[in-house]
Amino acid sequence: ASMAWPDVLAEVRQLRVAPLVYAGMRTAADGAVPPAVVDALRRATLAVGARSACLERAAGSVLATASERGIPVLVLKGLALQNLAYPAGTARWMDDVDLLVSSADRSRLGRLLRRRGYRNDLRGEEDFFAPDLSHSVDLHTDLVNTTRLPARGALWVEPFRVLWERR
């Protein structure tokens, strides 16, 4: 049976895994993957890489300023996974930057973001949008997001201090 390449590409888009699939497809035997499919994956991978680079720069800048101010912050979810679990040089599709901060330092980090032009009046108090609305930085005080479902908090109750010491 032949591969239904349009379906494969649709699934790759839906699952947001173009860079991972592209990395695997590049090593496939010549002719095994149609050139148009490889090209579509390459273009999607470049777009994900550009977005990822933007988010990495934003996170790096916020983390550097927070560090200068003595605010301990940990990177969560997408950016952390990209750097810890993805093959080197492979970008991960991300919507935003997720940062974990202690409850005691959350307001300080929020003020720091607002001084940098970020605003948190669009979606929720934990979602800080960049001045140009190109991305957001989401502040978390728990590993599990309890903003919309407080009962989730019982799933992982380790205090920030313990996580910070284990980094």
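Student: Which residues of helix α2 meet which residues of helix α3?

Tutor: In this predicted model, A18, P19, V21, Y22 and M25 of α2 meet V38, L41, R42, A44, T45 and V48 of α3. Contact means heavy atoms within 4.5 Å. Helices (H or I, at least four residues) and strands (E, at least two) are DSSP runs, numbered from the N terminus. Residues are numbered from 1 along each chain as its sequence is written, and side-chain values use heavy atoms, with hydrogens and water left out. Local features need pLDDT of at least 70 and side-chain atom pairs count only at pLDDT 80 or more, while totals for chains, interfaces and linings use all residues.

Student: What is the angle at which the axes of α2 and α3 cross?

Tutor: Two packed helices are described by the angle between their axes and the distance between the axes. Axes are lines fitted to C-alpha atoms, for helices over the stretch in contact, with angles from 0 to 180 degrees between N-to-C directions. Here α2 (residues 18–26) and α3 (residues 35–68) cross at roughly 135°, their axes coming within 8 Å. The two helices are therefore oblique to each other; under 35 degrees counts as roughly parallel, over 145 as roughly antiparallel, 65 to 115 as roughly perpendicular and the rest as oblique.

Student: Is the crossing of α2 and α3 left-handed or right-handed?

Tutor: Left-handed. That word applies if the near helix is turned anticlockwise from the far one by less than a right angle, and right-handed applies if clockwise.

Student: In what order do the strands of the sheet lie?

Tutor: Strands of a sheet pair through backbone hydrogen bonds, either parallel or antiparallel. Two strands pair if DSSP finds at least two bridges between them. This open sheet has four strands in the order β1-β2-β4-β3, with mixed pairing. Its edge strands, β1 and β3 (127–129), each pair on one side only. Neighbouring strands are turned by 30° against each other on average, direction ignored. Helix α3 packs on the sheet and touches β1 and β2, its direction making about 20° with that of β2.

Student: How many bridges join β1 to β2?

Tutor: Four, with β1 (residues 73–76) and β2 antiparallel; V75 stands opposite L99 of β2. Between β2 and β4 (residues 136–140) there are four bridges in the parallel sense, and L139 of β4 is the bridge partner of L99. β3 and β4 are antiparallel over three bridges.

Student: Are the faces of β2 covered or exposed?

Tutor: Both are covered: V97, L99 and V101 on one side, and D98 and L100 on the other, are buried. Buried means under 20% relative accessible area, exposed over 50%, partly exposed in between (1.4 Å probe, protein chains only). In the loop between α4 and β2, T90 is also buried, at 11%. Leaving aside neighbours within four places in sequence, T90 contacts P19, L20 and Q82.

Student: Where is the confidence lowest?

Tutor: Where pLDDT is low, the predicted coordinates should not be read in detail. pLDDT is the predictor's confidence in each residue, from 0 to 100. The chain averages 88, and 90% of the residues score at least 70. Confidence is lowest in helix α6 (residues 160–166), at a mean of 76, and highest in helix α1 (residues 5–15), at 95.
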